[in-house]
Amino acid sequence: MFELVNVEKRYMGVHVLKGVDFRIDDGEIVGLVGENGAGKSTLMKVIYGAVQHDAGTLLVDGAPVSFRSPRDAMKRGVGMVYQEQSLIPNLTVMENIFLGFEKPFVRFGAINWKKMAEAARRQLAKVRLDIDPGTITARLTFAQRQLVELAKVLALEERVEGKLVILLDEPTSVLSRDEIELLFSVVRALRHRASFIFVSHRLDEIVALSDRIYVLKDGVVVDVMEAKGADISAIQKKMVGRDINGEYYREDRQAPYDPDRVLLELDHVEIAGQGNDISLTLHAGEVLALVGVEGSGREPILRTIFGMLRPDRGTLRIRGEPVHAFSPAHSVAHGVGYVPRERKVEGIASGMNVFENMTLPQMRNYSHAGVLDIRAERDLAREWIGKLSIKVPSEYADCGNLSGGNQQKVVLAKWRSSGSEIILLDHPTRGLDIGAKEDVYAMIRDMSAHGVGIILVADTLEEAIGLSHTIAVIKDGEIKKWFSCQPKAKPSLYDLIQYMV
Amino acid sequence: MNRFLATDALRKWVPLLVLVGLCLFFTALNPNFLSLRNFARIAISSSPALMVAIGVTFVILMGSIDLSMEGTVAVCAVVFALILNALGGTIAGRGWVALPAALLVGAALGAINGIVHVKLRIPSFMASLSLGFVGIGLSLLITGGDRILIDDPPFRSLLTVRVEGFPLMAYAALACLLVAWFIQDHTTVGRNFYAVGGGEDLARASGLNVGRLRIIGFVLAGVFYALGAIFAVARLGIAETETGRNFMFMSITSVVVGGTALRGGEGGVWNTLVGVLIVNVIGNGMVVIGLADYFQDGVLGLLVIAAVYLSTDRRSLSFVK
Amino acid sequence: MSFIKTYIERQTLNRRTMLLMSAYGLFGAAATAGLRPGPARAAASNGPRIAWSYRDRTNPYWNAIVSGGNAFVQSLGLPQSALINLINEGSSEKSLSDIQSLLARYGSGVALAVDPNDMPNCRPVVEAVSKAGAYVSTIWNKTDDLHPWDFGDHYVSHMTWSDVGPSEQTARVLFDAMGGKGGVVHLGGIASNNPAIERLAGFRNALKAYPNIQLLAVQAADWDTQKANQVMSGFLTRYGDSIKGVHCASDTMAYGVIEALRAEGIEDMPVVSYDGNPQAVELVTKGKILATVFTNPYWAGGITASLAYYAASGAFKPSAEPHEHREFYGPTTLVTTKDAQDFKARYIDTNPQYDWKNFWALARGQIRYG
C-alpha cells in the first residue's frame, strides 16, 4: 500500500498541492484526472521522487519514506512510465530496459549480452511483447515502445521487496484503438504484480480501466469515486467546477457549407510512395474530417496539400487552379494554412513573441521593401488577442512560455489573420484541457462561418463526428467510406470504426 | 512562477553585469583602467572584432555556424588594399572604389559559403571551415605572402582623428552596429533569421524559403566580415593574410559570451556588442594590471568559461553537446 | 613549468600554422603538384633533386628564405619550379614524413635544406637522410649533442644565428636615443622560442650598462602584429607617459607598436626591432624605427640549399672541411638610421648577386655551446 498524507507543495510561491491525501492499495488501478494546471503532474512527480514535497508524509506499507530522486523511488518499487517516452532510440530494447542497472550482467567488466537478452525476454513476456530484445528501439512502433517502457518499470519487481506502484502518464495519447485495448489488457493482467496510477485526458478510458478515480482541481482532491458506474459528465463537472456545455462541439452552430464554392480539389492523387488514389473536394465553410487509425495515411494527405510532399500522380487544384510547384511557400501564398500536430516543432517559434509568430507567414503584408511595420504587427496581435481571448501579459510575451491552449490560439490566429481560406488542422486539441478545447471548437465554427474550408484530423472520433460536415474514413491510405455529418443525423462511433479496422 | 520570470529577466542582463564587474575589477587593481584614453584603446581593438562578430551573429541566430571569417577577412583586406593602391592610393580620390569593392568581395564569398552549405547540403560547420581555408589560400596567392601597406591619411583618419576622445573608427563601428540592429529588428530578413533559428520546421511550415534565407544570412555575414577587414586595415595600416588571424576565436567567443545561443533563435547584435567588449576588456585589462604573460591565455579561457556559465540559460538544456 | 610553456607555445603555433597552411594545402594542391619536378624537367637536370623543408610562406622571413632557394636553383640554369617545397605547417611529424616520402621516391639523389621545426626533430631527419645516402643541410633547430661531422658527408652543415649580441646592440641604440634615462618596455616573441630568449637576454645585457634606464615591463606578444598592438595599448594605459622607449623582439611586432602609438598621436617614441624585413628597413630610413637587425634570410636560403647540392653532386667533400665550415653562425647586420638608405639600396631594392659556391662568405664563426 502506498499513501500520501496531507502533502503540500509550493513552486515559486504558487501553492500547487494543498493538503493532498492519496492512497493506493495493492493491485489497485487508480485513475487521476484534472484539468491542465490542477496539479496532476506535480503530484505524480512527488510520488516518483522527481520533486520533493514541502510538508506531509509518504508512506509505503505504513512506513514513512522520503524520495530524494526517482532512483530512490525506484528502490522502493515506485516507477514511472513517461508520457514523453524516456527510451533512448538508438539503443537496443534490452539496453533500455536495464539502463543504469546493468550490474547483474557484468562479469569482469564486460556485459554478458546473452544473459541480458534472456532477462529482457522475461520482462517483455510480462507485457506480452514478442520482439527480439536486441532490436534497436527506434524501429519499434509507439505502442511497442510504450510496452517496453512498461516492461522496463516492471523489471523493478526483481530488485525490490513488496509490490510495485507504476505511474502511467497519458499512455494512450499516441496509440490507436487496438493498441489501447492491448495496453489495457496488459495492465489488467499485471494487477497481481503491481498497482497502477493512471493519468489521462480521456475520461472514458479512465472509467473503463480504473477501480477508483481521484479528481484533482486547483491542487485539492475534490472527489474520490468508485469507477464502476461513474458518470463522465459528472466527473467533468467536478474537474471544471461548472457544467460542461451539453453542446460540447457546438453542433448548434454548425451551418451548411456552400456547395458551389470549391476551394480545394484532389483529383485521383497518388500520395508519394503510397500507391493510392485519393479524390476529395473541400467547399467553403466545410469541415472535412479524415478519420482512421494511427498510420492509416491521414497525415501524408495533409502534408501533400500543404506542399511538403509532391504527389506521384494526379492533380491538386486550389480554387480551380492546378498546382505545379509543391512547396509550403507556394501553398501559403495561395491561402493554405497548416496547424501541425507537433505544436512545439512546427507550430510555435518559442523565443519569438506573439506578434512575431502571428505575422511569420504574412510578413509581406507588414513590411515595405523589407522593412517591418512593427506598429501594424502589434495592432494585429492585440486585435487577435482580444478576439480569441488569448491569455498573455502583452503581445511581447514569449510564445514558448504560453500554455498549450494559448499557443494553439496563436497558431490559429496566425493563419486566420493571414487570410488563409483552407486550413489544415492536425490534432488541434491534442494535450489541451477542456476549457481550451472548447475555445478551439468555437474557433473552428467561427472560421467555418467565415467561409473557410477546414480539413481536420481529430484527436478523438467523437471530436471528428461532432465538428465535421463530412467524414472520410481512411484505411491503408485509401478513402474507404464517406459519411455526411449533418447535425442531429451524425453517424455513430460504431459506424466509423467498422470501416477503420 | 514569479521568481522564474525574475531570474529570466535578470539573466538577460548578466553579460552586461559581467562587463561592468570586469571593469570594476580591473579598475580596483589599476585605476588607470578607468580612463577615457583607455576606453578609446579598447574601442580601437574592439571595432574590427565587433564587425566580424556581428556578421557571425546573424548566422548563429539561424542556428548555423560560420567559421570562414579568417579567410574572408584576409581576402577582403588584401583586395581592398590592392584596389586602393592601384587607384591612386587614397580614398579621397578614385581609391574610394576599394570600399564597395571589398564589401562586394565579402558578399560574394558569403554567397559561395551559403550556396555550398545549402545547395550541396554540407553542414555549415564543414562548409565554412573549408571555405575559410580556401580564403586564406586565396589571399596568400594574391599577396605571395607579402604585406601591403596602406598609408593614406584620409583613410587612416579612422584611427588618427578623434572626436570626444574616441577615434572615428569607433563611431563608424557604432553606425554599422545600428544598421545591423535595424536589419535584425526591423526587416523581414532579420525576423526570419530568428524564425529559422527558433525552429526550422516551423519556418518551413510557415511558408518561408529557408534555403534562400540561409544564403542571405551568409551573404550578410560576408559583408560584415568585409567591414571588419576594412577596420582592421585602418587600425594597423597593413593588409596581409595574417590580418584575418584570431578572428574566429575572438568572434565566436564574443557571440557566446554575449548570451546569443549557439542553437539559434536567441540573442542578437546588442548581446554581441557586450560580448566583444567583455573579450577586449579582458585582453586589455590583463596587460593593464600586469598579469604575467604566460597566465594570460589561460586566464582568458577561464574567464570566457565563467562568462558563458553565467550568461547562458542551461536550465533548458538537458544535454550539452 | 617549462614543459607547460613549451606545450602552450606549440599549441599556439600549431593552431595558427595549421589554419594557415591547411589553406595553402587545400588551395595549392595543384600548385604543389606543379612544384614537384615532372618527368620532362627531370630529364633536363641530371643532378640531385633540391628540396627546401620549412614552416610556411605567410611570414616574410620564410618567404625570403625560399626566394634565396629559388635564386640558387636558377643559378644552376634550372627553372624556379625545380625547387621542391616541403611545407611542414609547424608540425615536426609532417616535416619528417614529407622528407621520408621524398627520400622514398628519389633515394640518394636528394639535396635537402631544412629547418626541422623543433630541436628533437633534427636527429630523425638527419638519420633518415644519411640512411638513404642523400645530403642534408639544416638551419636553426638542432640539439647540442648532434654534429654534422658524426655523419660523415651526408649531414653537410648546420647554420644558426646568435641573437644575443645584435639584440644588445639595438638596445644600446635605443637607450642612447632615450638619452640614457627613462622607462622602457620589451615586447617579446613566443616566450620559449630560442630567438625570443636570446633577444631578451641581449636586451637585459644592455640594461646593465645603463643604470638610469628603468625596465617597466617585459611581455610576450607572440611575434604577432595585432597582439603587439593590443599589448602596447595596455602598456600605455598602465605606464602612460613613463614609457620613453620600446624594444621589440621582431619587426612584425614593431609595426603593431608603431600603430598603437600613432593612434595616440605619439609619433616620436624611440622604437627598435629585429629581423630587417623590407618594411622595417623602410621605417628605419624614415626614423620611425631606430634600428633593426638583418639576418639575410635570402642568402641563408640559397646557401643552405647550395651546400647540400654541391655536397651531393660531389663538388666538395664535407668531411674534408674543418668544423667551422660544418657548424657556423649566420650573418647579422645592424641597420640604423645612418646606414639604412645605403643598406636598403644594396639588400632590399635588389638582391645582391651572391656567389653560391662561396659557401662561407658571410659565416660568422663556429657555433659555441654552453
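Hi everyone, thanks for coming. Let's begin with the scores. The predicted model has an ipTM of 0.85 and a pTM of 0.77. For chain C, the average pLDDT is 86, and 87% of the residues score at least 70.

A word of care here: where pLDDT is low, the predicted coordinates should not be read in detail.

Next, the make-up of chain C. You can find 13 helices and 12 strands in chain C. Of its 370 residues, 52% count as buried. Now take the contacts in chain C between residues at least 6 apart in sequence: 75% of them join residues at least 24 apart.

Let's move on to where chains B and C touch. How many residues does each chain bring to the contact? Chain C brings 37 residues, and chain B brings 39. Several elements of chain C supply at least two residues each to the side that touches chain B, including helix H1 (2-27), helix H4 (60-75) and strand E7 (213-220). The most comes from H9(C), with 11 residues. Sorted by class, the side of chain C that touches chain B holds 16 nonpolar, 15 polar and 6 charged residues.

Last stop: helix H6 of chain A, residues 177-189. This helix has 13 residues and spans 18 Å from its first C-alpha to its last, close to the 18 Å expected at 1.5 Å a residue. Which residues of H6(A) are buried? They are Glu179(A), Ile180(A) and Leu183(A). These three cover an arc of only 100° around the axis, so they sit on the same side of H6(A). What do the buried residues of H6(A) pack against? Their partners are helix H5 (142-154) and helix H7 (203-209) of chain A. On the face turned away from the buried side, H6(A) carries the exposed residues Glu181(A), Ser185(A), Arg188(A) and Ala189(A).

Key: Residues numbered from 1 in each chain as written. Chains lettered and ligands numbered in written order. Predicted model: local features only at pLDDT ≥ 70, side-chain atom pairs only at ≥ 80, totals over all residues. Contact = placed C-beta atoms within 7 Å. Helix = DSSP H or I, 4+ residues; strand = E, 2+ residues; numbered from the N terminus. Nonpolar A, V, L, I, M, F, W, Y, C, P; charged D, E, K, R; others polar. pLDDT = per-residue confidence, 0-100. Buried ≥ 20, exposed ≤ 12 C-beta atoms within 10 Å, placed from the backbone. Expected span 1.5 Å × (residues − 1). Arc of directions from axis to C-beta.
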